[in-house]
Amino acid sequence: MALKLGELLLKAQLVNQQQLNKALEEQKATGGKLGEILQRLGFVTEDDIIECLSHQFGVPSINLRHFEIDPGVAKIIPVDLARKYNVIPVNKTGATLTLAMTDPTNIFAMDEITFMTGYRVEPVVASEEAIRERIDRNFGSSRELELKKVMEDLTTVDEAALELMEEEEELDVAKLAEESQEAPVVRLVNIMLTDAIKRGASDIHVEPYEKSYRVRYRIDGLLREVMNPPQRLKDAITSRIKVLAKLDIAEKRLPQDGRIKLKAKIEGRMRELDFRVSVLPTLHGEKVVLRLLDKENLRLDMTKLGFEKSSLKKFEDNILKPYGMVLVTGPTGSGKTNTLYSALQRVNVPETNIMTAEDPVEFQLPGVNQVQMKDSIGLNFAAALRSFLRQDPNIILVGEIRDFETAEIAIKAALTGHLVLSTLHTNDAPSTISRLMNMGIEPFLVATSVNVIAAQRLIRKVCQSCKEEIETPIQALLSVGFPESEAHSLKLAKGRGCDKCNNSGYKGRLGLFEVMDITEDMRELILSGATAVELRRKAVEEGMITLRQSGLQKIREGLTTIDEVVRETVL
């Protein structure tokens, strides 16, 4: 069917041979359906494929995204049959059942459905992805059905074999190891990991409480509860995750950190799963947090991070300087690492020696010498920086400036002909100067070493599949910072909620940026001991776009909502 589809699209001149070859190469490397790959590469649309198939087979086509199916009609055939042939009933008139199919020449499918239901089958053509989405919507996704089956299996597991130990009982490591290999437990953990990828989660939280046990995913920055496994299995599930992360399953009193690397087939494609694992003892058991390190979500193109044009130019001009310090600030989970990696990619050429000290190394970058910190043996940021200076570096990245010693060495490196990139935890760009001085760095060192400071936040994007225009009260627009002249004519966007965005109205995230260039006038202010408020005033005079202004621009462009900008920024 895949090659046949390729030939049909070629014949219809919807793709050329070069595009088809590229799609076939990707299919060979990753698996998956040719039609989906061609759509993902942007060579054809879903409507192109449907129209082509309809013309070839001489049957009507249907776009299921614009067609509501009666749930009773959809369930005329069982879910296993619908998945087996990738078909779904869309209408029933008398003794005729209209069946959406990707291959209306499949006589076996039509005969089996006719025999099972007693209806005469009338085929219509629809895209494979749209049919699969409708099957998931009407019957529940295959992942949800599998999870339901696993949960049923877990409730039938022998209670005595999985009884939780009393506090006084001796820890039985062999028993923990055995429990972690129980088939339902293994399947549940596998589903948890792969489902997180499918939903686009950045973190998985596995949390034990006195009378409950829950699993939450962080999706687009917000935590959502996804399942409640039986509480008696918390030790078995934690042990299974520890086994995968190569941690000590017998150690339940101290925090542990590890990493899980797996390969799994998700939606027809082989994916490498990489999780950073943190285990923390709490009052009612060990809480496990898994941070998903997804290479496919790493954006190394700086133009797509969310910078305004003027802010991007300031930032790029400064990372292209031969020496000095570039600081990226913001809270945990605000995308600082992604911005720094994008900056490194921009300056990563064969003529430069780039060294990084990271804790942990989240993504491996070709052509960059990355060093993992190990405090237990004395390899911290300060020790790594000292070593770097003997390695003839051009560019140095320090994961985070946490103390005076690291700050001092980083600034000295910036003043002796090296470009230094690093992060700090501050609320905005101007307050970063005060933070460095509070660490004990002299004002003249700060003024002469720092090139630029970029503060950032991540906000959720309006879902493009269910985006619609909304009316907003003028007062609400004025209160967030829009000028009165603009507020009267401004049209805002909001997501209605659909399958693509889990009915949240948001899909994906983008950055808000505040880029403060350290000009000569700014240096004079720093040397004279100016406050963060005075530095901010001067930076805005010189054209700095604040985090709130960056948010307002995203609202104007219909990319986000007032709620998101207010949640992450202040006037």
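T339 is in contact (heavy atoms within 4.5 Å) with L305, F307, F315, V328, Q456 and F513, once its neighbours within four places in sequence are left aside. The residue belongs to helix 14, which covers residues 336–347; here helices (H or I, at least four residues) and strands (E, at least two) are DSSP runs, numbered from the N terminus. With a relative accessible area of 2%, T339 is buried, a word that stands for under 20% relative accessible area, whereas exposed stands for over 50% and partly exposed for the range in between (1.4 Å probe, protein chains only). The model is a predicted one, in which local features need pLDDT of at least 70 and side-chain atom pairs count only at pLDDT 80 or more, while totals for chains, interfaces and linings use all residues. Residues are numbered from 1 along each chain as its sequence is written, and side-chain values use heavy atoms, with hydrogens and water left out.

An open sheet is formed by 7 strands in the order 12-11-13-14-10-15-18, with mixed pairing, where two strands are taken to pair if DSSP finds at least two bridges between them. Strand 12 (369–372) and strand 18 (506–517) stand at the edges of this sheet, and because each has a single partner strand, one side of each is left without a neighbour in the sheet. On average, neighbouring strands of this sheet are turned by 20° against each other, direction ignored; the axes behind such values are lines fitted to C-alpha atoms, for helices over the stretch in contact, and angles run from 0 to 180 degrees between N-to-C directions. Within the sheet, strand 10 (residues 324–329) and strand 14 (residues 419–424) run parallel and are joined by 6 bridges, and M325 stands opposite V420 in strand 14. Helix 16 (residues 404–415) lies across strand 10, strand 13 (395–398) and strand 14, and runs at about 135° to strand 10.

The largest nonpolar core has 53 residues, of which M325 and M516 touch the most other members; such a core is a set of buried Ala, Val, Leu, Ile, Met, Phe, Trp, Tyr and Cys residues joined through side-chain atoms within 4.5 Å. Helix 16 gives the most to this core, with 6 residues. When residues up to four places away in sequence are not counted, M516 touches A429, P430, I433, V452, I453, M522, A539 and M544. Another core, of 32 residues, lies apart from the largest one and includes V185, M227, L244 and V279. In soluble globular proteins, nonpolar side chains tend to be buried together.

Helix 17 (residues 430–438) packs against helix 22 (residues 532–541) at an angle of about 145°, with the two axes 8 Å apart. In this contact, P430, S431, I433 and S434 of helix 17 meet A532, L535 and R536 of helix 22. The residues involved divide into 4 nonpolar, 2 polar and 1 charged, where Ala, Val, Leu, Ile, Met, Phe, Trp, Tyr, Cys and Pro count as nonpolar, Asp, Glu, Lys and Arg as charged, and the others, Gly among them, as polar.

A further open sheet consists of 3 strands in the order 1-2-3, again with mixed pairing. Strand 1 (88–93) and strand 3 (120–125) are its edge strands, each of which pairs on one side only, and neighbouring strands are turned by 30° against each other on average, direction ignored. Strand 1 and strand 2 (residues 96–101) run antiparallel and are joined by 5 bridges, with L99 in strand 2 as the bridge partner of P89. Helix 8 (residues 128–139) packs on the sheet, where this helix touches strand 1 and strand 2, and its direction makes about 80° with that of strand 1.

Elsewhere, strand 8 (residues 269–282) and strand 9 (residues 285–292) run antiparallel and are joined by 8 bridges, forming a hairpin with 2 residues between them. The bridge partner of F275 in strand 9 is L292.

R232, in the loop between strand 6 (222–227) and helix 12 (234–244), is buried with a relative accessible area of 19%. V565, in helix 24 (residues 562–568), counts as buried at 2% relative accessibility, and touches I459, R548, G551, L552, I555 and T560, not counting residues up to four places away in sequence.
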